[in-house]
Amino acid sequence: MIVADWIANSFPIIRIIFIVLLGLCSIAMVISIFLQPAAADGMGALSGQASDTYFSKNKEKNFEGFMKRLTVILGIAIAVIAILFFITIRIYAPT
């Protein structure tokens, strides 16, 4: 495939940017996972304490809900960036 020179020269730079973004998102995801509290959702039924509290009903409005959404967003971002990175490799493979 014949491509313009500016495209051929920009793909290596774009790939470096994608790798840096992938690394930053991965580090942020690891940190967000470590900051989440341990989930013990099913343990209340074993001990007989299966009552809903105000905290459990409004879980999405607190720090735990924020970290859960952040983890999902970072996971989607990692997947999209990885796909774009491999698309750039497929489009421009130096021969």
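Mentor: I76 counts as exposed because its relative accessibility is 52%, where exposed means over 50% relative accessible area, buried under 20%, and partly exposed in between (1.4 Å probe, protein chains only). I76 is found in helix α4, residues 63-91; helices (H or I, at least four residues) and strands (E, at least two) are DSSP runs, numbered from the N terminus.

This is a predicted model, in which local features need pLDDT of at least 70 and side-chain atom pairs count only at pLDDT 80 or more, while totals for chains, interfaces and linings use all residues. Residues are numbered from 1 along each chain as its sequence is written, and side-chain values use heavy atoms, with hydrogens and water left out.

The chain as a whole has 4 helices and 0 strands, running α-α-α-α from the N terminus. It has 95 residues, of which 19% count as buried.

Now the helix itself. The 29 residues of α4 should span 42 Å at 1.5 Å a residue, and its end C-alpha atoms are 42 Å apart, which agrees; the expected span is 1.5 Å times one less than the number of residues. N62 caps the N-terminal end of α4, with a side-chain oxygen 3.2 Å from the backbone nitrogen of E64. Such a polar contact is a pair of N or O atoms within 3.5 Å; within protein, one must be able to donate a hydrogen and the other to accept it, and residues adjacent in sequence count only if both atoms are side-chain atoms.

The buried residues of α4 include M67, L74, I81, F85 and T88. The buried residues of α4 pack against α1 (5-35). T88 counts as buried because its relative accessibility is 7%. Leaving out residues up to four places away in sequence, T88 touches F11, I14, R15 and F18, a contact being heavy atoms within 4.5 Å. A polar atom of the T88 side chain also lies 2.5 Å from the backbone oxygen of F85.

I76 belongs to a nonpolar surface patch with V72, V80, I83, L84, I87 and I91, and together they have about 600 Å² of accessible area. Patches are made of residues with over 30% relative accessible area and no salt bridge, like charges being joined within 9 Å and nonpolar side chains (Val, Leu, Ile, Met, Phe, Trp, Tyr) within 5 Å. A salt bridge is a side-chain nitrogen of Lys or Arg within 4 Å of a carboxyl oxygen of Asp or Glu.

Technical notes: Accessible areas come from the Shrake-Rupley method with a 1.4 Å probe; for residues, only the protein chains shown count as cover.
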